[in-house]
Amino acid sequence: MIKRWKGGAVCLGAVAMLLVPARAEAADDALRPYQAVPSYWQYKGRPVLLLGASDDDNLFQRPDLLDQLERLKAAGGNYIRNTMSDRPDKGFEVYAFKRLPNGKYDLNQWNDEYWRRFEAMLRLTSERDIIVQIEVWDRFDYSDSGGSDRWQRHPYNPKNNVNYSYEESGFAPRYPDHPGRNRQPFFFTTPDQRNNQVVFRYQRRFVDKMLAHSLKYGHVLYCMDNETSGDPAWGAYWARYIRKRAAEAGRRVYVTEMWDSWDLKSEQHRHTLDHPEIYQFVDVSQNNHQKDQRHWDHFQWVRKYLARRPRPINTVKTYGADGGRFGSSRDGVERWWRHVIGGVAAARFHRPESGLGLSARAAACLQAARKLESLVPMWEVEPANRLLEQREADEAYLAARPGHLYALYFTDGGSVGLDLRGAEGRFRLKWISLDSGRWAGEDQLKGGNVVTVTAPDSGGWVAAIVALR
């Protein structure tokens, strides 16, 4: 049964007036790269590790939004993905545009319910210090691939609106190919591409409307697309446009692009990695199609590539769940933890069935990570597998500030040597179970040598190791 969605209303006037952030946080309170360690984020003046999980991508559309946020917060989460997608896959979604009595949409008029939901999500997350990563465009919304009828139903399809024809817009009646083939002219409209002003004016109007809401808040990140393999000029245009509109409103915002390639070393990803003037943070979600040691190695390659000018690296989609197409639940947990230990600024479990969502297993990982962070702040350590001896491939991963702090992750039990040579004194070791998210015993280690550390059992474990003074 679909519940009636309840959200806070917002009174909207002219776009120019709306782009003034009336209740914006002070500049120092807004989300920004951490000044001391710019590969992490800071919020309200303090460093913050973004950890998340949710059961949907366009979370603002869900009737149980408040329950999702409360459960996330209770588990220690502070990070969600929110696509602006309006495709009616589950029955409770609504489109952004007003539907007329004749059944067609007018792209010059808004569906107030869509924007009330969006505003309510922004307000509720702000109140709970939950960071929102928006994806502005999702290529699957404008496709009929996989037997879907999303383009057939969408207001931008000329047959469904009163604003333009197929001939005027350049659109076709159907787009049955996978959107990765880039045959949808929707993504070639900008002045830097085909300059399709018939369609572009409505796209720009939509972005302005989105910003009229989101620029009032300082806890929002912007990603241009969902796993795109399209023309780089498309995302670059919108990245610059959003930053320009934000600057006009007195707001500094941070934007990125999410590329489709599973190989982070591919030319696609260079459009983000090589252009910090366009993209101020990096999203590497597609690395989560990799497994085991290769998953870690590719992520570390990106960190090293960015070392001269570090930026936050987010992974808003961690794939892997039993019954899904992209690996098992164990794969999902391991991918999430490799990134956390490896230096990611933000990590979220993807929605079911492609990810664990806000499941008990994901919640346990969030709780475990916060326990680890209470003893070993991740922005104070660096990946340090070089300090592990007798380590098998993919057995264990380490982040450390040698002599002071160590975070040691075992994927499935095991035993390794931890190099504490040159680190005199004693160290407190506290185990955290990834199955339960709870503390699970402690020990002491003596520095000065290589010491053997053995996980309490099989399964995933994290050890927080802290110098005793």
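**Figure 1. The β19–β20 hairpin.** Strands β19 and β20 form a hairpin in which five residues lie between them, and Gly-437 in the turn has a positive phi of about 75°. Helices (H or I, at least four residues) and strands (E, at least two) are DSSP runs, numbered from the N terminus. Strand β19 (residues 426–433) pairs with strand β20 (residues 439–446) in the antiparallel sense over six bridges; two strands pair if DSSP finds at least two bridges between them. Arg-426 stands opposite Lys-446 in β20. The model is predicted: local features need pLDDT of at least 70, side-chain atom pairs count only at pLDDT 80 or more, and totals for chains, interfaces and linings use all residues. Residues are numbered from 1 along each chain as its sequence is written, and side-chain values use heavy atoms, with hydrogens and water left out.

**Figure 2. Charged ends over aromatic rings.** The charged end of Lys-430 sits over the ring of Trp-439, 3.9 Å from its centre. Here a charge sits over a ring if NZ of Lys or CZ of Arg is within 6 Å of the ring centre and within 35 degrees of the ring normal.

**Figure 3. Two of the aromatic pairs.** The structure holds 44 aromatic pairs. The ring centres of Tyr-164 and Phe-171 are 6.1 Å apart and their planes lie at 50°, so this pair is tilted. Rings of Phe, Tyr and Trp (its six-membered ring) pair if their centres lie within 6.5 Å; planes under 30 degrees apart count as stacked, over 60 as edge-to-face and the rest as tilted. Tyr-164 counts as buried at 5% relative accessibility, and Phe-171 likewise counts as buried at 5%. Buried means under 20% relative accessible area, exposed over 50% and partly exposed in between (1.4 Å probe, protein chains only). Trp-238 and Tyr-241 form an edge-to-face pair, 5.7 Å centre to centre with 85° between the planes. Because these two residues are three apart in helix α7 (residues 232–248), Trp-238 and Tyr-241 are separated by about one helical turn. Both Trp-238 and Tyr-241 are buried.

**Figure 4. Helix α11.** Helix α11 (residues 360–375) has 16 residues and reaches 23 Å from its first C-alpha to its last, close to the expected 22 Å; the expected span is 1.5 Å times one less than the number of residues. Its buried residues include Cys-365, Leu-366, Arg-370, Leu-372 and Glu-373.
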